[in-house]
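Dear colleague,

I am handing over the structure below, followed by notes on what was found in it. Please read the conventions along with the findings.

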Amino acid sequence: MKPALASLYQAIELRQPIPPLLIGERMNANGSKRFRERLLADDWAGCVEIGVEQEKRGAQVLDVCVAYAGRDEKRDMLELVRRLAGTVKVPLMIDSTTPDVIEAALKIYPGRCIVNSINLEDGGKYLRRICALLKKYGAAAVALTINERGMAMTAADKIATAKNICDIACGEFGLRQQDLLFDALTFTIGAGDETLRDSALQTLEGIRGIKAALPGVGCVLGLSNISFGLASASRKILNSVFLHEAVQAGLDAAIVDAGNILPLATLDTADREICLDLLHDRRREADKKPLTIFIEHFQKKAGEVTTKPTNAEEEKKPAETALTDRIVAGSKEGLEDLLEILRGRMPPVEIINRILIPAMRHVGELFGRGELLLPFVLQSAEAMKRAVSLLEPHMPVAQEGHATKVLLATVQGDVHDIGKNLVDIILTNNGYKVFNLGIKVPAEVIIEKARALKPQIIGLSGLLVKSALVMKESMRQYREAELDAPILLGGAALTRKFVAQDCAPDYDQPVVYCADAFAGLQAVRDFEAGKLHSTTFDETAAAPFKPGLKNVEISRDNPVPQPPFLGLRHIREIPVTEVFPYVNTEALFRGRWGYRRAKLPAEDYAKILAEKVQPLYAKLQQESIAEGLLQPQAAYGWFRCFSRGEELVVRDESREYIFGFPRQAESPHLCIADFFKTEAEGGDIAGFFVVTIGAKLGERSQALFASDQYHDYLMLHGFGVEVTDALAEYWHAVMRRELGIGKSDPATKAGFVTQDYQGSRYGFGYPACPDMGAHIPVFALLQPDALGITLTENMQMVPEFTTSAIVAHHPQAKYFAV
Amino acid sequence: MNRPQQPLAQQRYICANCGYIYDPAIGDPMNHVPPGTPFEMLPEGWVCPVCYVGRDQFDPLD
């Protein structure tokens with residue numbers, strides 16, 4: 001895995017394709033007067049502004065150092081880190097020598113930052129303390145080559161110190177070598193100190209030696225120290241030449257004033273030579289020190305500014321890193337121009353393989369670490385898709401490619417495809433060839449397509465309990481058909497245990513459980529690496545809890561309310577505005593949309609909600625009304641009934657319908673039928689409903705997917721799911737009121753979640769009654785066909801955004817799982 | 001700004017799938033989790049008491 005840093009907005013690799021990584025140094029209370037003055041005045045906006053300026057000038061990481069005598073460093077650090085995290089796009093470098101301050105900053109920073117710094121000054125106590133924090137918070141670090149004797153001056157001492165630090169950090173604490181940036185220390189060669197005359201050479205040698213001795217580690221330098229004491233115009237030039245030399249020696253990152261670095265090619269040759277002489281301590285005149293020549297030379301030129309306009313050499317870096325940045329940031333801005341430049345340098349396939357795919361890989365890693373939210377991942381995928389489609393016209397047509405081929409399908413009878421489509425999006429945009437067969441695909445078709453298309457991997461998905469059974473049953477068919485591709489399984493009703501015990505044994509290739517789209521991506525990578533294995537299940541692991549009531553006696557003396565009518569009714573127009581207040585926005589934002597708070601400070605999450613999520617929700621509400629995307633309808637009814645063991649016998653005029661419900665195998669052995677009175681007890685009343693928001697929203701969301709608008713697709717789809725749930729919640733409330741048991745709704749949204757009302761509703765296909773077969777009598781009772789609602793061969797309802805339930809009024813009726 | 005962060009032990013968590021809120025002050029009586037149990041200390045195998053998703057689906061609330 002490539003080492004990288006990340007902010008809320010983007011990730012930056014520690015090893016840039018073209019080094020160095022530029023770390024902005026101006027937010028330093030000791031090094032920058034301007035920053036110090038603002039800090040001392042508590043001018044936070046002014047401090048942040050210095051960060052923003054550096055970012056604009058090209059800094060890819062920002063160093064933050066607020067330690068200042070008489071100030072509360074921790075308070076200042078937290079204040080600034082919080083503000084910067086939401087404002088600047090680049091990751092931060094936490095620069096402090098106080099463990100408490102470092103820990104506090106790591107704790108609140110919503111991303112992966114780098115700590116500046118660790119060292120061996122006290123023999124290892126401080127180092128160990130900070131390494132434990134680095135490990136805990138997954139941060140990278142700058143390691144200074146300082147030991148108990150002080151700052152390492154010679155190359156040999158620098159290298160030895162680096163080794164010692166590495167032994168402790170990686171050996172004892174398990175940090176990754178690639179997450180360490182060693183600073184071989186820069187001393188000024190501008191002050192005329194004889195003992196420092198060759199210090200630049202020692203530093204450059206140190207960098208070479210550290211990189212050779214410790215493969216994988218990086219090197220960083222605080223650059224501007226080198227020229228301390230010299231005139232500022234000449235400092236800029238010396239710094240730039242030194243940076244170039246250091247990069248030649250293997251430097252990966254530099255702590256600099258980003259705007260003050262000059263491209264080597266723009267420098268005057270004479271200036272360069274004089275700088276090199278000074279750096280390498282070379283004498284061109286026997287009796288004149290290189291420093292003296294340097295000072296005289298630049299005094300002569302004083303006033304002359306030696307910057308030429310940028311040229312191709314300089315543009316080379318921005319185009320490659322800018323493309324990576326675009327993908328990671330999910331921005332399509334200027335892709336055409338960037339790709340145009342890059343196509344001048346390498347074939348399109350190279351652009352895809354060397355820049356785009358690594359960028360997407362990185363996006364996946366950030367998501368995996370919880371540092372990038374799903375909506376942003378989809379925006380990255382959109383940018384990727386756009387970039388690839390811009391390159392395609394320039395690629396040879398017949399290029400079959402060596403990409404692994406994956407066949408995807410939602411299984412027979414299942415219409416839910418958001419999960420499968422996310423897998424499609426993620427795989428396609430990581431460079432794999434995906435054949436997406438769509439929904440409701442029978443095993444026979446999967447076999448036929450697998451033979452024709454020869455995918456190396458097959459991925460099957462389905463939402464409901466029934467789909468899990470379909471997957472289990474089809475395994476033997478795939479074995480008999482002698483398919484030879486591993487099968488990945490995903491879907492809400494699946495568990496690791498089910499896949500390991502019920503699916504894997506019936507197929508000869510690996511059968512792998514994938515919890516989400518990224519697990520699917522990982523499985524494909526494992527396959528390529530030859531290490532994909534069937535999911536296994538450890539029986540000795542703790543059994544999952546089965547929540548729900550325990551030790552309950554279902555009371556038999558509850559009154560049976562009077563329904564307002566018997567039989568069915570169809571409600572063809574339900575005002576959308578009645579439904580919206582019932583939307584479970586927490587589940588929509590955090591669950592369906594993936595806007596989790598996760599590691600964010602509460603204020604930052606509140607900010608994202610206020611600035612991004614709530615406006616999006618409001619926009620979708622308005623659009624869906626304006627464009628008629630929502631057409632809420634209900635088919636519902638009240639029926640006489642009685643329970644008979646685990647059955648509920650429902651009467652509609654002269655006909656009887658039998659609903660069989662499963663009973664829990666363990667205490668308290670609940671069954672839905674228990675909540676209804678028996679014939680001997682005088683019978684009971686059951687409510688049923690089927691509600692839908694119609695087909696339009698689903699059609700629109702499919703069109704978004706088809707046109708690669710992944711982000712909008714997920715947002716609209718999630719909105720549809722939760723509005724459908726809200727419609728069920730709303731209609732359940734209407735039915736409670738009809739029975740006279742629901743005068744007021746729960747006071748809060750959370751009250752609906754925990755069913756703080758009388759009775760319950762049980763959705764068909766969900767944990768208390770997983771059998772979708774009950775839809776046959778439900779459809780006979782409610783005739784929702786008249787509203788355009790139909791059943792698939794697996795008893796799922798179409799349109800997708802439709803849901804059904806049985807309504808129980810018994811006060812003890814609450815959710816449970818069989 | 002400068003609002004004290006929620007002490008870890010009292011941090012409430014919300015189920016991203018259904019919106020159920022785990023409040024350490026209340027615990028999860030249905031599953032014999034006593035009041036005062038921090039989210040991090042919930043027993044192994046604990047799932048959302050409303051929708052049964054695993055603990056990884058929970059998000060810090062406030």
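Asp100(A) is partly exposed, with a relative accessible area of 43%, where buried means under 20%, exposed over 50% and partly exposed in between, for a 1.4 Å probe and protein chains only. This is a predicted model, in which local features need pLDDT of at least 70 and side-chain atom pairs count only at pLDDT 80 or more, while totals for chains, interfaces and linings use all residues. Residues are numbered from 1 along each chain as its sequence is written, chains are lettered from A and ligands numbered from 1 in the order in which they are written, and side-chain values use heavy atoms, leaving out hydrogens and water.

Asp100(A) forms a salt bridge with Arg129(A), their closest N and O atoms being 3.7 Å apart; the term requires a side-chain nitrogen of Lys or Arg within 4 Å of a carboxyl oxygen of Asp or Glu. Asp100(A) lies in helix α4 and Arg129(A) in helix α5 of chain A, so the pair ties together parts that are 29 residues apart in sequence; helices (H or I, at least four residues) and strands (E, at least two) are DSSP runs, numbered from the N terminus. Arg129(A), at 47% relative accessibility, also counts as partly exposed.

Glu722(A) forms a salt bridge with Arg592(A), with 2.7 Å between the closest N and O atoms. Because Glu722(A) lies in helix α24 and Arg592(A) in helix α21, this pair ties together parts that are 130 residues apart in sequence. Glu722(A) is buried at 2% relative accessibility, whereas Arg592(A), at 23%, is partly exposed. Over all chains, the search finds 46 salt bridges.

Helix α5 (residues 125-137) belongs, with β6(A) and β7(A), to a right-handed β-α-β unit, right-handed meaning that, with the strands pointing away from the viewer, the path from the first strand over the helix to the second runs clockwise. Five of the five residues of β7 (residues 140-144) are buried, so this strand is largely enclosed by the rest of the structure. It pairs in the parallel sense with β10(A) over four bridges, pairing being assigned if DSSP finds at least two bridges between two strands.

With best regards
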